[in-house]
Amino acid sequence: MKKFIIGVDGGNTKTDYLLYDTEGNFIDGVRSGTCSHEVPSVGGFDGSYNIMKLRIEELLNRNHLSMDDIVAVSYTHLPSP
């Protein structure tokens, strides 16, 4: 069974959720607003978690996958200069 990797690039204005297979092929991506816990409207760490969970579920659902298909997740947050 094929396995996948999710990469999350979070920032203070936008966040990209990217899905790759384990061979490094890009499969799909979702771009949304910030998930930064530093932005007051997000609601701290709990709000950040909820936003990321929803977007990752969206990415998985539209590709007919579950977390059982994911072998790794990488997250980076680059603050605004």
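Where is the place of Ser 32? Ser 32 sits in strand β3. Keep in mind that this model is predicted.

Let me stay with Ser 32 for a moment. Is Ser 32 buried or exposed? Its relative accessibility is 15%, so Ser 32 counts as buried. The cut-off for buried is under 20%. Now its contacts. Setting aside neighbours within four places in sequence, Ser 32 is in contact with Lys 14, Thr 15, Tyr 17 and Arg 55. One of those, Thr 15, stands opposite Ser 32.

Strand β2 covers residues 14-21, and strand β3 covers residues 26-33. The two run antiparallel. How many bridges join them? There are 7. The hairpin of β2 and β3 has 4 residues between the strands. Look at Gly 24 there: Gly 24 takes a positive phi near 90°.

Next, the aromatics. A pair of aromatic rings is described by two things, the distance of the centres and the angle of the planes. The count here comes to 1 aromatic pair. The partners are Tyr 20 and Phe 26. Their ring centres are 5.6 Å apart and their planes are at 70°, so this pair is edge-to-face. The cut-off for edge-to-face is over 60 degrees. What about accessibility? Tyr 20 has 31% relative accessibility, so Tyr 20 counts as partly exposed. Phe 26 has 49%, so Phe 26 also counts as partly exposed.

Now the core. As background, nonpolar side chains in soluble globular proteins tend to be buried together. In this model, the largest nonpolar core has 13 residues. Which of them touch the most other members? They are Ile 6, Val 8, Tyr 17, Leu 19, Ile 56, Leu 60 and Ile 70. The largest share comes from α1, with 4 residues.

Take Ile 6 as one example. Not counting residues up to four places away in sequence, Ile 6 touches Leu 18, Leu 19, Ile 56, Leu 60, Ile 70, Ala 72, Val 73 and Ser 74.

One last stop: Ser 66. Ser 66 is found in the loop between α1 and β4 (70-77). Its relative accessible area is 32%, so Ser 66 is partly exposed. How far apart are Ser 66 and Asn 25? In sequence, they are 41 residues apart. In space, they are 18 Å apart, C-alpha to C-alpha.

Terms used
Residues numbered from 1 in each chain as written. Predicted model: local features only at pLDDT ≥ 70, side-chain atom pairs only at ≥ 80, totals over all residues. Heavy atoms only, no water. Pairing = 2+ DSSP bridges. Phe/Tyr/Trp six-rings, centres within 6.5 Å; stacked < 30°, edge-to-face > 60°. Buried < 20%, exposed > 50% of the residue type's maximum accessible area, 1.4 Å probe, protein only. Core = buried A, V, L, I, M, F, W, Y, C linked by side-chain atoms within 4.5 Å. Contact = heavy atoms within 4.5 Å.
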